[in-house]
Amino acid sequence: MTEKARNNIIAIASGKGGVGKTWLAVTLSHLFARSGRHVLLFDGDIGLANVDIQLGLTPKRDLSGVISGKYTLKDTLTRYDEGGFDIIAGRSGSASLATLPVEKLAEIGSELTALQKSYDFVVIDLGAGIEQHVQYLASIASRSIVVVTDEPTSLTDAYAFIKIANAGKNPPDIGIVVNQAATQKEGEATYHSLNKACTNFLSLSPPLLGIIRRDNKVKDSIRSQKSLLIKAPHSTAASDVAVLSIKLMQK
């Protein structure tokens, strides 16, 4: 796959679950769309898929139908009208993607890279961890954004993801976003802890792309199944992600 073929695909990753990866993927997609971009959000977290839940959507078709051969990936597109972007929903409660044969996973990857030609941005919400399907979906992206918090398990699991992703045949550009930071300064300290390990053991220094400060409005928006940009567009977290989205669009 050429760089040109995948240069608008962004994977949102984390070693550990519960760090705000899906929420960030949704908010970034919404911000890209608000800026006039044509955006697709792909929920690659089969088994714990929740993009549709966070947005209060009930898709008629999801990835399980693609895996079973009933539909093509294009057939499963669902429009999120309030946000102005498309989603491809996963299937919560299913382990299908994690146990999928490599050949079938490659078919889904090929369909996704074909679909991306119709979009300005494709955002992939990866599953947490370092399993094969997670690494494969990360490899078809031009950029992987690794979301971390200051929890030690988040940092160690993020390091493991970066180590394996960087060792692949087609490594993405990796950048770090610190989420749920108490302050800008504490966010920077969290990044430096991870970057130190990457520099010392991997000879790699992934850049800090953004720091998102802790904001209770995020939990409120998730509970109400609304995008943060609809529920609390002027909140601290929304402002921080807006800065990140501008940086990504400039790149």
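Buried residues of helix 6 (residues 132-139) are H133, V134, Q135, L137, A138 and S139. Buried means under 20% relative accessible area, exposed over 50%, partly exposed in between (1.4 Å probe, protein chains only). Helix 6 is mostly covered, with six of its eight residues buried. Helices are DSSP runs (H or I, at least four residues), numbered from the N terminus.

This is a predicted model: local features need pLDDT of at least 70, side-chain atom pairs count only at pLDDT 80 or more, and totals for chains, interfaces and linings use all residues. Residues are numbered from 1 along each chain as its sequence is written, and side-chain values use heavy atoms, with hydrogens and water left out.

Helix 6 packs on helix 7 (residues 152-166) at about 60°, axes 10 Å apart. Axes are lines fitted to C-alpha atoms over the stretch in contact, and angles run from 0 to 180 degrees between N-to-C directions. That makes the pair oblique, the class left after roughly parallel (under 35 degrees), roughly antiparallel (over 145) and roughly perpendicular (65 to 115).

Contact means heavy atoms within 4.5 Å.

| Helix | Contact residues |
|---|---|
| Helix 6 | V134, Q135, A138 |
| Helix 7 | F161, I164, A165 |

By class, this contact has five nonpolar, one polar and no charged residues.

Q135 sits in helix 6. Its relative accessibility is 13%, so Q135 counts as buried. Q135 touches I130, F161, I164 and A165, not counting residues up to four places away in sequence.

Terms used:
Helices (H or I, at least four residues) and strands (E, at least two) are DSSP runs, numbered from the N terminus. Ala, Val, Leu, Ile, Met, Phe, Trp, Tyr, Cys and Pro count as nonpolar, Asp, Glu, Lys and Arg as charged, and the others, Gly among them, as polar.
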